[in-house]
Amino acid sequence: QVQLVESGGGLVQPGGSLRLSCAASGRIFSIYAMGWYRQAPGKQRELVASITNDHITNYADSVKGRFTVSIDNTKNTVYLQMNSLAPEDTAVYYCNANIVVSLGYKGVNYWGKGTLVTVSS
């Protein structure tokens with residue numbers, strides 16, 4: 001089975017930076033895309049950033065210019081560099097990947113368990 005493991009969450013001051021990592025492992029034939037979602041208490045889960053295996057990116061308007069998503073295809077790992085962090089960025093961040101597990105199979109979404117990012121002074 002496929003597993004996604006996030007790392008890099010923690011406490012950071014406003015204006016600070018943090019980098020999240022998510023590594024996919026297990027039965028993987030190919031990865032169509034990977035990305036990050038976040039959910040704050042009492043709020044809707046939202047897409048933060050995504051990237052295809054062809055390095056096409058998509059960002060939420062709220063993070064454009066501050067966050068950068070990248071992917072290392074050789075390591076099946078996606079990164080989220082977060083700069084100029086603000087309290088509004090506080091949330092649990094979830095890694096997502098659309099993965100084909102074997103030739104001829106359709107892509108399926110997989111989720112990590114989440115990592116907490118807290119922006120506070």
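These notebook entries record what I looked up in the structure.

**Entry 1: Basis**

I am working with a predicted model, in which local features need pLDDT of at least 70, side-chain atom pairs count only at pLDDT 80 or more, and totals for chains, interfaces and linings use all residues. Residues are numbered from 1 along each chain as its sequence is written, and side-chain values use heavy atoms, with hydrogens and water left out.

**Entry 2: An open sheet**

I began with the strands, which are DSSP runs of E with at least two residues, numbered from the N terminus. I found an open sheet of four strands in the order 1-3-8-7, with antiparallel pairing. Two strands count as paired if DSSP finds at least two bridges between them. Which strands stand at the edges? Strand 1 (3-7) and strand 7 (67-72) do; each has a single partner strand, so one side of each lacks a neighbour in the sheet. From one strand to the next, the twist averages 15°; the axes behind such angles are lines fitted to C-alpha atoms, and the angles run from 0 to 180 degrees between N-to-C directions.

I then looked at one pair within this sheet. Strand 3 (residues 18-25) and strand 8 (residues 77-82) run antiparallel and are joined by six bridges. Leu20 has Leu80 of strand 8 opposite it.

**Entry 3: The disulfide**

A disulfide is a covalent bond between the sulfur atoms of two cysteines. For the search, the two sulfur atoms must lie within 2.5 Å. I found one disulfide in the structure. Cys22 and Cys95 form this link, with an S to S distance of 2.0 Å. Cys22 is in strand 3 and Cys95 in strand 9 (residues 91-100), so the pair links distant parts of the chain, 73 residues apart. The angle about the S-S bond is -85°, and the link of Cys22 and Cys95 is left-handed.

I also asked about exposure: are Cys22 and Cys95 buried or exposed? Both Cys22 and Cys95 are buried. Buried means under 20% relative accessible area, exposed means over 50%, and partly exposed lies in between (1.4 Å probe, protein chains only).

**Entry 4: Salt bridges**

I searched the whole structure for salt bridges (a side-chain nitrogen of Lys or Arg within 4 Å of a carboxyl oxygen of Asp or Glu). The search gave four.

- Arg38 and Asp89 meet through their side chains at 3.0 Å, N to O. Arg38 is in strand 4 (residues 30-39) and Asp89 in the loop between strand 8 and strand 9, 51 residues apart.
- Arg66 and Asp89 form another salt bridge, with their closest N and O atoms 2.8 Å apart. Arg66 lies in the loop between strand 6 (57-59) and strand 7, so its pairing with Asp89 ties together parts that are 23 residues apart in sequence.
- Asp61 and Lys64 meet at 3.1 Å, N to O. Both Asp61 and Lys64 are exposed.

Arg66 counts as buried at 18% relative accessibility, and Asp89 is buried at 2%. I noted a network of salt bridges that links Arg38, Glu46, Arg66 and Asp89.

**Entry 5: The nonpolar core**

A nonpolar core is a set of buried Ala, Val, Leu, Ile, Met, Phe, Trp, Tyr and Cys residues joined through side-chain atoms within 4.5 Å. How many residues does the largest one have? The largest core has 32, and the residues with the most contacts inside it include Leu4, Trp36 and Tyr93. Strand 9 gives the most to this core, with five residues. Among the other elements that give two or more residues are strand 5 (46-52) and strand 11 (115-119).

I listed contacts (heavy atoms within 4.5 Å). Beyond residues up to four places away in sequence, Leu4 touches, among others, Cys22, Met34, Cys95 and Trp111.

**Entry 6: Glu6**

I looked up Glu6, which is in strand 1. Glu6 is buried, with a relative accessible area of 13%. Glu6 and Gly112 are 106 residues apart in sequence, and their C-alpha atoms are 6.5 Å apart in space. The residues that Glu6 touches include Trp36, Cys95 and Gly112.

**Entry 7: Positive phi**

Most residues other than glycine have a negative phi. I noted His55, which has a positive phi of about 65° although it is not a glycine. His55 lies in the loop between strand 5 and strand 6 and is partly exposed, at 45%. Ser84 also has a positive phi, of about 50°. Ser84 is in the loop between strand 8 and strand 9 and counts as partly exposed at 45% relative accessibility.
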